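Please look over the sequence and the model below before reading on.

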Amino acid sequence: MAGNRLSRIVANTQKAPPFMQSWLLTKVFGTAIKFAGTAKVEINHLSHQESRLTIKNRKRVQNHIGSVHACAMALLAESATGYIVGMNVPDDRVPVIKSMHIDYVKRATGDLKAVAHLSDEQIQQILTTEKGEVTVAVTITDEKGVEPIKAEMIWAWTPKRR
């Protein structure tokens with residue numbers, strides 16, 4: 001797998017006791033990615049193939065009807081997909097979100113969970129193609145197991161400018 005800076009940070013957090021790993025990952029990412037830190041997006045698991053994140057239904061992320069705001073749902077989907085792409089993009093390239101497609105289909109109840117996946121073929125494409133894009137699957141569910149949104153994120157990567 002890719003040995004980029006981000007994956008090395010994740011590997012280092014896995015040296016900590018298991019009860020601290022999620023907290024450490026969340027703290028590191030929340031400091032680097034300010035909006036995710038402000039909304040308190042929590043990283044429960046992050047590997048080259050899968051990411052699992054949550055956002056609690058707190059006042060700071062609520063809409064006028066008391067559920068997680070549409071923008072916070074989009075942030076959760078973007079974070080879950082972006083972190084997993086970031087785990088695989090070599091250090092000489094930069095990942096950028098190219099498009100978000102989100103359909104809001106149900107009212108969310110309580111906290112939300114996002115799970116994003118990359119296939120082995122997608123990971124190979126990221127590792128071996130200097131410039132490209134990938135559609136990342138992500139599923140968002142609420143406390144009742146309902147999918148309040150259907151989301152699809154397209155991430156691209158390009159060589160870093162010198």
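The second largest pocket holds about 240 Å³ of space, in a model that is predicted, where local features need pLDDT of at least 70, side-chain atom pairs count only at pLDDT 80 or more, and totals for chains, interfaces and linings use all residues. Residues are numbered from 1 along each chain as its sequence is written, and side-chain values use heavy atoms, with hydrogens and water left out. A pocket is found on a 1 Å grid over the protein atoms alone, as an open set of points where a 1.4 Å probe fits, with protein on both sides within 12 Å along at least five of seven lines, and its lining residues have an atom within 4 Å of a point. Its volume is the space filled by probe spheres set on the points, which are joined across faces, edges and corners.

Among the residues that line the second largest pocket are Ser22, Trp23, Lys40 and Arg58. Helix 2 and helix 3 (34–39) are the elements that give two or more residues to this lining, and helix 2 gives the most, with 5 residues; helices here are DSSP runs of H or I with at least four residues, strands are runs of E with at least two, and both are numbered from the N terminus. The lining divides into 3 nonpolar, 4 polar and 4 charged residues, where Ala, Val, Leu, Ile, Met, Phe, Trp, Tyr, Cys and Pro count as nonpolar, Asp, Glu, Lys and Arg as charged, and the others, Gly among them, as polar.

The largest pocket holds about 630 Å³ of space, and of the 22 residues that line it, the closest to its centre are Leu6, Phe29, Ile33, Gly86 and Pro95. Two or more residues of this lining come from each of helix 1 (5–13), helix 2 (18–32), helix 4 (70–88) and strand 3 (93–104), with the largest share, 6 residues, coming from helix 4. By residue type, the lining of the largest pocket divides into 13 nonpolar, 4 polar and 5 charged.

We can now turn to the strands. Strand 1 (residues 42–46) and strand 2 run antiparallel and are joined by 4 bridges, where two strands pair if DSSP finds at least two bridges between them. A hairpin leads from strand 1 to strand 2 through 3 residues, and Glu42 stands opposite Thr54 in strand 2. Glu42 also belongs to the lining of the second largest pocket. Strand 2 is joined to strand 4 (residues 112–117) by 6 bridges, and these two run antiparallel, with Glu50 opposite His117 in strand 4. Strand 2 (residues 50–55) is mostly covered, as 5 of its 6 residues are buried, buried meaning under 20% relative accessible area with a 1.4 Å probe, protein chains only.

Two single residues complete the walk. Leaving aside neighbours within four places in sequence, Arg93 is in contact (heavy atoms within 4.5 Å) with residues including Ile126, Glu130, Trp157 and Lys160.

Val134 has its place in strand 5 (residues 132–142) and counts as buried at 3% relative accessibility. Not counting residues up to four places away in sequence, Val134 touches, among others, Val85, Leu118, Ile126 and Trp157. Val134 and Lys34 are 100 residues apart in sequence and 24 Å apart in space, C-alpha to C-alpha.

Notes: Buried < 20%, exposed > 50% of the residue type's maximum accessible area, 1.4 Å probe, protein only.
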